Amino acid sequence: MPNEISQLQARFIDFAQGMPAIAISWSQIRRDIQLKVQSLAGVNPANPSVFLGNIRMPVYGLAFSVFIDALDVNPAGNTAELNIQLTTNIHPYNQPDQVIRSYAIRTNPTALIGLEFDETTNDVYWQEQGGSLPSISPDWGPDADNVLATTTIADPKRENYLAEVERQIIWLTGPSFVRLVAGVLPRYRLSEIVPWLRLSAPLRIELGAPHVLITATRATLLVGDCTPEAIVIEPDPDFPYGQAIPAPTLDSNSIELAVYAPRTRLFEFFSNKVAPAILVSDAGGGVVKWSLAGSIGLKHIVIDLRSAQGLTGVLAIDSSVDFVAAARAWIDGPSGSKLSLASASVLGTGNFGADIQLSVDISARSIEAVLTVTRSDLANPDWAVGTLLGWPLDQIAGEILNHISRQEIRKLAGSVTRLGKWEVLGLPLDYLDTYRQWERPDAHSEGLAGVSAFMGVRRINIG
């Protein structure tokens, strides 16, 4: 069907409508969390993680080390449920193997967390929502009395430890263990995922499965390369441009990261990226020799959105062009001399067409949009030719140059396949770290004609 769209495209349209948005799949969030848990695991008791180990306490020269036994996060409405099982050991500072007392800490039954926004770094991160009182089961360490004997806790040491240290752990510090774990969950650097977009606070975030969606009511598009221009945007009041939105029929669960934009915002980005002129030059001839050097300037760019899925066919560019050039035509004379027929400049108009194709560049950690020329025609070039030799040679020279300029611009469609490439989706190192050796990222795009498009990445098995 020509207007088929996926569930992700439909959610983007309903959620963000006339603003850009970002999607992160729950399957990827779980991979990120498991990778984080592995890095924080440590070996109980002697080798805790550097992030969760040997955290100084304000009493008796003690410290605590936390070991994550189990952790998972699941969507629950517009929040997420955090389920954790921790072991926390109390020990003298810098001696994690000298365990005084251990605490098995469990969320009871779950803790609620949500995504918060740090506008200074353009990151989103997990934070506990409200408080939670975990269940805590204590147990003395195997050599607790000997370790206690090395501390400054007054005698009787066990009783004073329970009164002065454990009471604070259970009633005051216990909930902080949940906040501690929530604080080390993965952060998402939005500037790495979408380099050309910066959202402004407050964000709108939807946590429902299978994708977390992120947008805002105000954002900035960054366009241009050497000196990027910042374009402040707000919701497009004309969205969805009079178009009917079909019910979704295509699966999109495999998309792990994606960026969505309504038609006008997408066009603002690409039209500024396609602006640079395209140079052409050539020379040749028989009895009448010629040389030509000029440039094609794009103007009045129209970007069309098509209903399609895949690496290409979603975005297409159609533009009128200006052709500006200087040329000479001459006849070889005796002893290497040139009998000049014409030396003139020209201004012509025409049409230029191109497709946007997505590709993955692992070394650059990005999904790139590559401009591929599909059509290039120059109509009615007008060479103002005047020679000392007069008519009819100046008219002949003009016809030759008109023919040359038409032919030169047509060569672009067959010979120039890459006029520019732009990073439309970044692949953060943390994301690539979740790939196994037999997996690789695969670019994907989807459009709904005249309405919106998204560009994303999914992982594929290569053996």
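In the predicted model, the largest nonpolar core comprises 83 residues, and the positions with the most contacts inside it are Leu71, Leu82, Trp126, Tyr161 and Val424. Helix H4, which spans residues 157-183, supplies the largest share of this core, namely seven residues. Apart from this core lies another, made up of 18 residues, among them Leu8, Phe15, Ala21 and Phe454. The surroundings of Trp126 can be described in more detail: once its neighbours within four places in sequence are set aside, Trp126 is in contact with Trp26, Ile29, Ala80, Ile113, Gly114, Leu115, Ala182, Leu185, Pro186, Tyr188 and Leu207.

At the level of the whole protein chain, the secondary structure consists of eight helices and 24 strands, and buried residues account for 49% of the 463 residues. Of the contacts in the protein chain with a separation of 6 or more, 68% are made by residues 24 or more positions apart. The accessible surface of the protein chain amounts to about 20,900 Å², and carbon and sulfur atoms contribute 52% of that area.

Aromatic side chains form six pairs in the structure. One of these joins Phe12 and Tyr260 in a stacked arrangement, with a distance of 4.9 Å centre to centre and an angle of 15° between the planes. Because Phe12 belongs to helix H1 and Tyr260 to strand E15 (residues 257-262), this pair ties together parts of the chain that are 248 residues apart in sequence. Phe12 also pairs with Phe454, here in a tilted arrangement, at 5.9 Å centre to centre and with 50° between the planes. This second pair likewise links distant parts of the chain, since Phe12 lies in helix H1 and Phe454 in strand E24 (residues 452-461), 442 residues apart. Phe12 and Tyr260 are both buried, as is Phe454, and Phe12, Tyr260 and Phe454 together form one aromatic cluster.

Tyr260 is also among the residues touched by Met19, which is found in the loop between helix H1 (7-16) and strand E1 (21-25). Although placed in a loop, Met19 has a relative accessible area of 1% and is therefore buried. Not counting residues up to four places away in sequence, Met19 touches Thr215, Ala216, Thr217, Arg218, Ala219, Ile233, Glu234, Pro235, Tyr260 and Pro262. Met19 and Asp236, which are 217 residues apart in sequence, are separated by 6.7 Å in space, C-alpha to C-alpha.

Two arginine residues are placed over aromatic rings. Arg204 lies over the face of Phe15, at 4.5 Å from the ring centre, and Phe15 is itself a member of the core of 18 residues. The charged end of Arg263, in turn, sits over the ring of Tyr241, at 4.0 Å from its centre.

A contrasting loop position is provided by Asn94, which is found between strand E4 (79-92) and strand E5 (101-106). The side chain of Asn94 makes a polar contact, at 2.7 Å, with the side chain of Asn54. Asn94 and Asn54 are 40 residues apart in sequence, and the distance between them in space is 6.1 Å, C-alpha to C-alpha.

Key: Residues are numbered from 1 along each chain as its sequence is written. This is a predicted model: local features need pLDDT of at least 70, side-chain atom pairs count only at pLDDT 80 or more; totals for chains, interfaces and linings use all residues. Side-chain values use heavy atoms; hydrogens and water are left out. A nonpolar core is a set of buried Ala, Val, Leu, Ile, Met, Phe, Trp, Tyr and Cys residues joined through side-chain atoms within 4.5 Å. Buried means under 20% relative accessible area, exposed over 50%, partly exposed in between (1.4 Å probe, protein chains only). Helices (H or I, at least four residues) and strands (E, at least two) are DSSP runs, numbered from the N terminus. Contact means heavy atoms within 4.5 Å. A polar contact is a pair of N or O atoms within 3.5 Å; within protein, one must be able to donate a hydrogen and the other to accept it, and residues adjacent in sequence count only if both atoms are side-chain atoms. Accessible areas come from the Shrake-Rupley method with a 1.4 Å probe; for residues, only the protein chains shown count as cover. Rings of Phe, Tyr and Trp (its six-membered ring) pair if their centres lie within 6.5 Å; planes under 30 degrees apart count as stacked, over 60 as edge-to-face and the rest as tilted. A charge sits over a ring if NZ of Lys or CZ of Arg is within 6 Å of the ring centre and within 35 degrees of the ring normal.
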